Amino acid sequence: MRRIGVFVCWCGTNIGATVDLETVMEKARQMPGVVFAGDNKYMCSEIGQTLIRDTIVQERLDRVVVASCSPRMHELTFRKTAAAAGLNPYLVEIANIREHCSWVHKDKAEATQKAISLVRTAVAKAARNKPLQADQFAVTHRALVIGAGIAGIQAALDIGETGFEVDLVERTPSIGGRMAQLDKTFPTLDCSACILTPKMVDVAVHPKINLYTYSEIEAVEGYVGNFEVTLRQKARSIDKEKCTGCGICYEKCPSKVDGEFEEGMSKRKAIYVPFPQAVPNVPVIDRENCRWFTKEKCGVCKKVCPADAVDFEQSDQLIKQKYGAIVVATGFDLVDLDEFGEFGYGKHPDIITSMEFERLVNASGPTGGKLLRPSNQEPPRNVVFIHCVGSRDKSRGKPYCSKICCMYTAKHAILLKEKYPKSQAYVFYIDVRTAGKEFEEFHRRAVEEYGAAYLRGIVGKVFPSGDKLLVNGVDTLSNQTVELEADLVVLATAITPRRDAAALGRMLGIGTDGHNYFVEAHPKLRPVESHTAGIFLAGTCQGPRDIPETVAQAGGAAAKAIALLSKETLLSDPCVSNVNESLCTGCLACLPVCPYKAISEKTITEKVHGQERRRLVAEINNALCQGCGACSTACRPGAMNLLGFTNEQLLAEVDAICL
Amino acid sequence: MKAMLQKIRKEAASVLASGEADLVLGWGKGPLWWQSYPAFIEEEKETGSLTWDPFCVPNLSKYLLEELWVKQKVALFLKGCDALGFNQLLQDKRVDREKVLIFGIPCSGLIDPQKVERAGLHQGLHSVEHQGGELVFSYKDDQKKEDPSSFYYDKCLTCRHPNPVVFDMMLGDAVAVNPQERFAAVGELEKQDVSERYRYWERQFSRCIRCFACRNVCPACSCRECIFDLTDPRWLGKANVLSENQFYHITRAFHMAGRCVDCGECARVCPVDIPLTSLNRKLIKDLNELYGEYDAGVEPEKEPPLITFNPGDPAAFLES
């Protein structure tokens with residue numbers, strides 16, 4: 001007979017106010033195998049844990065059930081407690097009577113009955129729990145950072161500074177990301193490029209940081225401590241070693257296409273450097289638009305290159321590398337404005353996004369920093385800014401607040417006034433949100449010192465009238481319709497994760513939410529970790545945020561990665577799948593459903609009536625298996641068993657909860 | 001019919017004589033008109049006992065599971081529906097194609113003895129055979145000729161693959177494919193509301209005596225040890241109660257999902273006439289609608305829908 005101890009936690013009043021815990025303990029004492037039931041106001045406290053440790057010894061307990069909060073909260077705590085008293089940690093079972101019971105019920109009698117059922121279920125499973133031993137495995141002391149915007153740059157620098165090798169992978173030809181596109185930054189108005197480019201240079205010269213620009217993640221295998229990643233380094237068509245960055249090639253190149261860095265507001269060449277401060281300062285040939293690659297003509301760049309660096313024969317390189325930790329920092333895109341016809345985006349050149357405004361005021365931008373109307377290159381006088389285009393819009397856009405728009409619009413209003421003192425900014429807003437250090441002061445300055453007119457209301461329509469734009473809106477404070485004549489309309493467009501974030505998430509095995517933001521392991525307590533061990537999140541790929549928050553989060557993600565890389569070995573989770581070879585038919589339906597490629601086939605030999613029979617069975621690689629259980633659901637004969645969650649244990653739970 | 005029987009005997013004798021196969025699986029005749037049983041022929045001289053008549057309904061492929069352990073090469077005869085089942089065994093990696101020699105038999109439909117009995121034609125009946133589009137019932141002194149269409153098994157009426165999809169040698173010419181709509185009964189059930197449907201299946205499953213004939217005959221049920229027989233853990237209780245019957249049938253239906261070749265054998269062998277075909281076809285229909293058309297048993301190399309993942313797969317439970 002088992003000797004099971006049941007420890008019931010009040011969690012202050014969290015559980016105690018809704019569940020009659022005396023009754024729960026009384027019933028628990030009658031459950032099969034239970035020899036002890038006790039309680040504590042906070043079982044996770046030192047006193048509570050001491051009770052568990054002492055009771056294990058005094059009552060010679062061989063199984064422990066803790067009725068408390070979710071196992072995601074304190075399972076590890078109580079496993080360590082049991083281990084300290086000499087009990088195998090996997091003999092501890094948690095009955096979640098808080099999230100699954102007291103927090104979701106009001107009726108005390110019913111909640112008590114449910115708590116008893118949950119405890120009975122945990123007791124039934126605990127009785128069948130078996131001791132499990134964790135394996136040790138070595139850690140690869142190298143990190144991968146995906147995305148080289150400010151988040152990725154910061155994370156790579158922080159990790160590199162501790163002496164670990166870092167590979168920083170960037171999809172575009174240069175590092176820098178969104179921050180490189182911005183003009184000034186709120187609320188201090190320091191120049192974005194001026195504070196970013198030193199960091200870009202730091203990355204470029206850092207002895208521990210290996211830069212892979214114009215490269216993408218092709219495949220991810222492995223697990224925490226030992227990820228195996230395949231990078232595709234796209235053919236740049238330039239020999240990086242030979243190129244001196246003189247720039248003659250793109251001066252002479254005859255093909256022009258819309259420049260991505262300038263948000264399509266000016267042309268770049270088919271051979272190009274995205275922006276003057278690009279790192280590396282090596283051009284790239286956009287093969288889709290290059291005459292040599294599309295028509296097999298031209299080749300001017302090759303002829304004029306004094307260093308003979310142009311190489312049309314270059315091909316994509318696949319690079320395989322092992323990493324202990326991965327930081328994901330893939331950044332954001334803007335929401336598609338097709339759905340928002342009333343703002344007329346795309347129909348008139350003077351209706352622009354905030355990102356395009358950033359380029360228009362930027363000294364390195366398409367107008368050399370002179371803010372001019374795209375339609376006629378004249379200075380604008382009246383500029384209408386519209387907040388929340390696609391944000392806080394459940395029906396057509398995103399229900400969330402993009403967080404940065406209130407502040408950058410205030411910044412835009414200030415920049416406008418500084419460039420043209422006679423100009424006037426009008427800002428349509430729903431609410432102005434300025435929660436941040438010196439944010440409210442900055443916003444007030446835009447209103448009080450720079451005379452930005454804030455109109456609380458929504459814009460119904462923007463349409464051209466002569467060489468101006470007419471903006472029809474409603475001022476909801478005065479309840480009057482407003483018609484403004486504008487030279488420029490700037491849409492504070494909602495930010496979204498990168499369009500292909502979900503695909504990268506699947507490759508990495510990390511979750512995305514309904515908007516394709518990567519999901520953190522815990523919204524409060526593990527904000528920089530993903531649900532997959534060893535993969536960390538930084539920047540706007542996880543949710544809307546501004547530069548200082550991004551930098552702070554990148555530092556946090558780096559610290560987590562460093563903590564992991566500093567370990568020589570890690571303990572594996574022993575809750576992995578296990579094959580009962582006598583039941584396995586070798587159909588291998590488990591193989592394609594395994595997301596971790598942890599299953600392979602093997603041939604076994606057995607003796608039947610004196611005859612040697614060789615047959616196929618499935619085999620688990622314990623190091624790769626993450627214990628997701630997909631194989632055990634695909635296995636018809638029940639040959640796949642997840643240790644710690646075996647079929648026997650789960651059936652015992654089902655039987656117990658149905659009593 | 002006679003011509004086919006001659007071919008069967010000739011090919012069986014030939015492969016045994018040449019040593020090409022050391023076992024032939026065919027059908028032999030029992031003492032009564034409707035009894036055509038699986039026959040295991042190892043000697044050339046026994047091939048004369050092989051038969052082919054409208055009652056050769058058992059699928060011989062599942063015997064391969066045992067025979068292939070002890071024989072070098074097994075030759076067997078497969079009808080259209082049998083071939084689908086064979087392919088399922090192949091997909092489940094339960095048979096080695098290299099060790100099997102398949103003679104395909106195009107089949108225009110087999111005769112349901114119960115329908116013969118219900119028509120009152122069984123008294124003193126000696127044999128039944130197809131003759132030029134008619135079904136000839138032979139008695140001691142006379143013969144009766146009938147239109148075969150009212151005597152076919154229900155499963156034959158909806159058969160979409162009367163010509164074997166896998167074979168090494170085809171015996172005879174392909175027959176016409178002219179199936180009735182197979183999802184008609186499912187469509188009728190779908191029209192009922194949930195509680196009506198539940199009561200319907202309750203009535204069906206309450207009759208089950210758990211003889212496991214449906215499982216034993218099923219070519220997609222080829223586990224070494226069935227979970228319903230396991231004692232540790234005991235998935236299926238012994239008690240003769242509706243809930244255990246439901247658990248058995250629903251679990252089995254899910255094990256069939258994306259794997260059922262719709263050969264109809266489970267419903268044919270059920271002694272209490274549970275319409276298992278409707279249950280399996282409901283799953284086939286749903287899977288087709290959710291993940292695109294998939295015909296289990298036709299292309300065994302093709303990955304079945306439930307063990308493949310496409311980012312575009314519907315996931316209503318995530319989107320709600």
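Helices here are DSSP runs of type H or I with at least four residues, and strands are runs of type E with at least two, both numbered from the N terminus. The model described below is predicted.

## Positive phi in two loops of chain A

Tyr214(A) sits in the loop that links strand S10 (209-212) to strand S11 (215-223) of chain A. The phi angle of Tyr214(A) is positive, about 55°, although the residue is not a glycine. Tyr214(A) counts as buried because it has 20 C-beta neighbours inside 10 Å, and a residue is buried at 20 or more.

Ser237(A), also not a glycine, has a positive phi of about 70°. The loop that holds Ser237(A) runs between strand S12 (226-233) and helix H9 (248-252) of chain A. Ser237(A) is counted as buried because 23 C-beta neighbours lie inside 10 Å.

## Cis peptide bonds in chain A

The peptide bond between Phe186(A) and Pro187(A) is cis, with omega at about -5°. Pro187(A) belongs to the loop between strand S8 (184-185) and strand S9 (190-191) of chain A.

Val279(A) and Pro280(A) are likewise joined by a cis peptide bond, where omega is about 0°. Pro280(A) is found in the loop between strand S15 (271-272) and strand S16 (284-285) of chain A.

## Helix H1 of chain A

Helix H1 of chain A covers residues 21-29, and its residues Leu21(A), Val24(A), Met25(A) and Ala28(A) are buried. Because these four cover an arc of only 95° around the axis, they lie on the same side of H1(A). An α-helix has 3.6 residues a turn, so residues three or four places apart point the same way.

Which elements cover the buried residues of H1(A)? The cover includes strand S1 (4-9), strand S2 (34-40), strand S3 (63-68) and helix H5 (108-128) of chain A. On the face of H1(A) turned away from its buried side are the exposed residues Glu22(A) and Glu26(A).

## Nonpolar cores

The largest nonpolar core contains 82 residues, and Ala143(A), Val145(A), Ala155(A) and Val327(A) have the most contacts inside it. Helix H16 of chain A, residues 547-565, contributes the most to this core, with eight residues. The core lies between domain 2 (142-234 + 316-331 + 506-565) and domain 3 (248-304) of chain A, because both give residues to it.

Val145(A) can be taken as an example from this core. Not counting residues up to four places away in sequence, Val145(A) touches Gly152(A), Ala155(A), Ala156(A), Val166(A), Leu168(A), Val169(A), Val327(A) and Ala329(A). Another core, of 64 residues, lies apart from the largest one, and its members include Ile8(B), Phe86(B), Cys214(B) and Cys223(B).

## The loop at Val519 of chain A

Val519(A) is placed in the loop between helix H15 (501-508) and strand S28 (520-522) of chain A. Having 16 C-beta neighbours inside 10 Å, Val519(A) counts as partly exposed.

Leaving aside neighbours within four places in sequence, Val519(A) is in contact with Gly511(A), Thr512(A), Asp513(A), Ser530(A) and His531(A). In sequence 23 residues separate Val519(A) from Gln542(A), while in space the two are 6.4 Å apart, C-alpha to C-alpha.

## Chain B

Chain B has twelve helices and eight strands. Its radius of gyration is 21 Å, close to the 20 Å that the globule rule gives for 320 residues, so chain B is as compact as a globular protein of that length. Along the principal axes, the C-alpha atoms of chain B fill a box of roughly 65 × 45 × 40 Å. Of its 320 residues, 35% count as buried. Among contacts in chain B between residues at least 6 apart in sequence, those joining residues at least 24 apart make up 68%.

The domain assignment divides chain B into domain 1 (2-170) and domain 2 (184-315). The centres of the two domains, taken over C-alpha atoms, are 26 Å apart. Their contact involves 17 residues of domain 1 of chain B and 15 residues of domain 2 of chain B. On the domain 1 side, helix H3 of chain B (residues 80-91) gives the most, with eight residues. By class, that side has seven nonpolar, six polar and four charged residues.

## Contact between the chains

Between the chains, 18 residues of chain B are in contact with 18 residues of chain A. The chain B side of this contact is made up of eight nonpolar, three polar and seven charged residues.

How values were computed. Residues are numbered from 1 along each chain as its sequence is written. Chains are lettered from A and ligands numbered from 1 in the order in which they are written. This is a predicted model: local features need pLDDT of at least 70, side-chain atom pairs count only at pLDDT 80 or more; totals for chains, interfaces and linings use all residues. A residue is buried if 20 or more other C-beta atoms lie within 10 Å of its own, exposed if 12 or fewer, and partly exposed in between; C-beta atoms are placed from the backbone. The arc is that of the directions from the helix axis to the C-beta atoms. Two residues are in contact if their C-beta atoms, placed from the backbone, lie within 7 Å. A nonpolar core is a set of buried Ala, Val, Leu, Ile, Met, Phe, Trp, Tyr and Cys residues joined through C-beta atoms within 7 Å. Domain bounds come from an automatic or database domain assignment. Ala, Val, Leu, Ile, Met, Phe, Trp, Tyr, Cys and Pro count as nonpolar, Asp, Glu, Lys and Arg as charged, and the others, Gly among them, as polar. The radius of gyration is taken over C-alpha atoms; the globule rule is 2.2 Å times the number of residues to the power 0.38.
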